[in-house]
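Please look over the sequence and the model below before reading on. The paragraphs that follow move from the chain as a whole to its aromatic and charged side chains.

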Amino acid sequence: MKRFIETLKNIYKIEDLRFRIGTTLFFLLIYRLGSFVSLPGIDPAQLQNLESQTSDGLLGLINMFSGGALQRMTIFALNIMPYISASIIMQLATAMSPNLEKLKKEGEQGRKKINQYTRYGTVILATFQAYGLAVSLQAGDLASDPGIFFIAACVITLVGGTMFLMWLGEQITARGIGNGISLIIFVGIIAELPAAFGQFFTQGRSGAIGTGTMLGVIAMLMITLGFVVFMERSLRKIHIQYPRRQVGMKTYDGGSSHLPIKVNPANVIPAIFASSLLLLPTTVSTFSGSQTGPVMSTILAYFGPGQPLYLAFFTAMIVFFAYFYTFNVSFKPDDVADNLKNQNGFIPGIRPGQKTAEHLEYVVNRVLVLGSAYLAAVCLLPEILRGQLAIPFYFGGTSVLIVVSVTMDTIQQVQSHLLAHQYESLIQKSQLRGKGKARRKKGPARR
């Protein structure tokens, strides 16, 4: 506790860090205020019926990330999900397309071009999702004045809300602390946690959940949080050696370092992708309403949340996307081997070039066995408990992964600012001492 208070005092002393944290909190406050502004043309009396429609499917996933904005049908109902989907799709396309890969290597201009394509993709995805949501609202009798004008107003408002959140996230990243997009999702999840805990304890008081089960779920949540923190900080270090080199007349001794490989290089992306794909049938049935055919009914019966086939395919999708995203986006063995070769670094006992790439691929394959199993376990255990015990949606593994990873990243950035400030103060003190010595030094006596 004493160390925490000391850290807060150090943060307050640094003007730049204090400004960044204040800016971040201000922008996040704007986001939370906007998540309570209702869409135009929504009938408040019928809005209560939407809660059952947003408990499952992709709508439930978006509602979790939006902090309940979808359930309240606000201007931020789609939240930042279209931008995240467009970013992931663009990353995968860059990894598979030679033209986009070449554009990425062009530096700042290429990166701006890819960001522009991502924004265009965000508009397209947001328009598609907003139209489907507007049609669903109209079919569910939530529109006070249904028609083409209601659909157009909903689409324009929802797309505008998503683009505003995208701009807000970029401003937090540039002027605040932490990753803006991740913090928006983080705040949305945290904001709904009190209501989820309240619902959970209400079920316990009513007798729907036993006392032993409640204590077991709380203990499981604590253990899961600790396990996620441990796994997210786990690394596989590969020893790298640098030979002795000569530059001009000087000879520099060789050094050694480590190449860190995370146990989970893909982070939470495999869980989001797998959830989006497997919950797509439920989302389609939500949009179609009572017009669900026999084929869709059969699919929902076997692939509904909590069903054995759903859990099996969920695990398979998590493992597949963990390997696919790692080797195509987050860690490319060929690129890493080329960078080591260009820096004259090598793995002891392994020849530079292709042999190094093969060795790295072998190591990452083995590490990902543990990483993908960890992701599947964290995501599946809450799914099973929620299906059996009707635990609120916010106890899901995806939300735990996001909360832990964003918290660790933000704390790391704050510590980096504190460390940089300490270095700057030490340099300033050393310069002042040097000037003082220079003043005290006597010059040569005049003859």
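A residue is called buried when its relative accessible area is under 20%, exposed when it is over 50%, and partly exposed in between, with a 1.4 Å probe and protein chains only. This is a predicted model, in which local features need pLDDT of at least 70 and side-chain atom pairs count only at pLDDT 80 or more, while totals for chains, interfaces and linings use all residues. Residues are numbered from 1 along each chain as its sequence is written, and side-chain values use heavy atoms, with hydrogens and water left out.

Buried residues account for 41% of the chain's 447 residues. The secondary structure amounts to 18 helices and four strands, where helices (H or I, at least four residues) and strands (E, at least two) are DSSP runs numbered from the N terminus. Of the contacts (heavy atoms within 4.5 Å) between residues at least 6 apart in sequence, 73% join residues at least 24 apart.

What does a search for aromatic pairs find? Nine of them turn up in the whole structure, a pair being two rings of Phe, Tyr or Trp (its six-membered ring) whose centres lie within 6.5 Å, with planes under 30 degrees apart counted as stacked, over 60 as edge-to-face and the rest as tilted. One of these pairs joins Phe320 and Phe321 edge-to-face, at 5.3 Å centre to centre and 65° between the planes; Phe320 is partly exposed at 44% relative accessible area, whereas Phe321, at 10%, is buried. Elsewhere, ring pairs link Phe26, Phe27, Tyr31, Phe76, Phe164 and Trp167 into a cluster.

Side chains of opposite charge can pair when their charged atoms come close. The whole structure holds four salt bridges, each defined by a side-chain nitrogen of Lys or Arg within 4 Å of a carboxyl oxygen of Asp or Glu. Among them, Arg20 and Asp16 meet at 3.5 Å, N to O, and both lie in helix H2 (residues 15-34), four residues or about one turn apart. Glu101 bridges to Lys332, with the closest N and O atoms 3.3 Å apart; because Glu101 belongs to helix H7 (residues 98-104) and Lys332 to the loop between helix H15 (308-330) and helix H16 (333-342), the pair ties together parts that are 231 residues apart in sequence. Both Glu101 and Lys332 are buried. In a further bridge, Glu170 and Arg119 have their closest N and O atoms 3.0 Å apart, and since Glu170 lies in helix H9 (residues 148-175) and Arg119 in helix H8 (residues 108-139), parts 51 residues apart in sequence are tied together. Glu170 is partly exposed at 27% relative accessible area, and Arg119 is also partly exposed, at 25%.
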